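Here is a short report on helix packing and the nonpolar core. Keep the structure open while reading.

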Amino acid sequence: LFDGVYPFYPQQRKAAGFDISTIIVIVVFLTLACSFLLIIPGIRGRARLYWTFRVLLSLFVGVVIVVVQFTGDWETGWVQANTSYKSFSSAVVNADIGLHIGLEGVNITLKGNPVNQINETINYNEHFSWSFDANYDRSYSEGLQKGLPNPILYVAEKFTTQSPCAVHRQYRISGHYASATLWVAFCTWIISNILFSMPALVYGGYMLLVTGAFAIFSLLSFSTVRNSPMCLIQIGTATLHVAYGASFWLTLVIGLLCFVAGITVVVLHHRNLDLLKTFFDLREDKEEEYQEMSEVFVNYHFVNKGL
């Protein structure tokens, strides 16, 4: 490091798949899950199975809501093509070009087939951010100054503010509001867990429905990018097409899962409250509260004093 920055790469690097933020979130939730598994032997009877199912399912929903904020595969696309390598050079290489679009920016990867060609290692991954605290055009200009390979610059140019494609503003706003609605979904997920820990199960079910609704709203927000038709990305004789990626479909699964769980809780509250209390380990406490006492011990000293 030179004065706290990487030589020749002053901007922070970001992986196309799992970056540091994603790993940190997963480790935190795995720690919570392992901590619960350590105390689960102390729960007796069938309640142990119910607790395990509820806690692991809830943690899965929570970790997905947070992780997809940092992933870069809401939209993805790959293409293999023969393409020129760099400007002012006639060298042609065979490579896989990947486009990974997230909520805060885009990752463009270039990997040669094979990796070592024309006496160079062709294995690039460049991140260009369009979040509100970043300048996409400046990142693109820095890529030009560094002399990045032509395929990366060609794809990155499609998302600049000056590009005829005019998709930069749409992706930036859609990603921003999708991220905001996901954070609201995370807050309602926390509230639902608090309500499920109290005798207010039906309200926990309602908050699960709200969580699922905001997860779906984030998908609808991101889907608005399709209102602006993407320019044709032609690399050599091949065309790079993008489609919804793993993060998009995983968020959809979480939204539908919250809907199913929330509706189930609400229906059981009105149709079979005893079953619902049994699943949440509340019925046993209620029975003990109303259980008739077989023996009563009276302190006659207080009785004689009229107390």
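## The nonpolar core

A nonpolar core here is a set of buried Ala, Val, Leu, Ile, Met, Phe, Trp, Tyr and Cys residues joined through side-chain atoms within 4.5 Å. The model is predicted. Its largest nonpolar core holds 66 residues. Leu-99 and Phe-159 touch the most other members. Helix H2 (residues 47-67) gives this core its largest share, nine residues.

Look at Phe-159 and set aside its neighbours within four places in sequence. Phe-159 then contacts Leu-99, Ile-101, Trp-130 and Tyr-136, along with Val-167, His-168, Tyr-171 and Met-230.

## H2 against H5

H2 also packs on helix H5 (residues 168-196): the two axes come within 9 Å and cross at roughly 160°. Angles over 145 degrees count as roughly antiparallel, and H2 and H5 are therefore roughly antiparallel to each other. Their crossing is left-handed.

On the H2 side, the contact uses Ser-58, Leu-59, Val-61, Gly-62, Ile-65 and Val-66. H5 meets them with Leu-182, Trp-183, Ala-185, Phe-186, Trp-189 and Asn-193. By class, this contact has nine nonpolar residues, three polar and no charged.

## H6 against H7

Helix H6 (residues 201-223) and helix H7 (residues 246-271) form another pair. Their axes come within 8 Å and cross at roughly 155°. H6 and H7 are therefore roughly antiparallel to each other. The crossing of H6 and H7 is left-handed. Their contact counts 18 nonpolar and 10 polar residues, with no charged ones.

Definitions and conventions. Residues numbered from 1 in each chain as written. Predicted model: local features only at pLDDT ≥ 70, side-chain atom pairs only at ≥ 80, totals over all residues. Heavy atoms only, no water. Axes fitted to C-alpha atoms, helices over the stretch in contact; angles between N-to-C directions. Helix = DSSP H or I, 4+ residues; strand = E, 2+ residues; numbered from the N terminus. Parallel < 35°, antiparallel > 145°, perpendicular 65-115°, else oblique. Left-handed = near helix turned anticlockwise from the far one by under 90°. Nonpolar A, V, L, I, M, F, W, Y, C, P; charged D, E, K, R; others polar. Buried < 20%, exposed > 50% of the residue type's maximum accessible area, 1.4 Å probe, protein only. Contact = heavy atoms within 4.5 Å.
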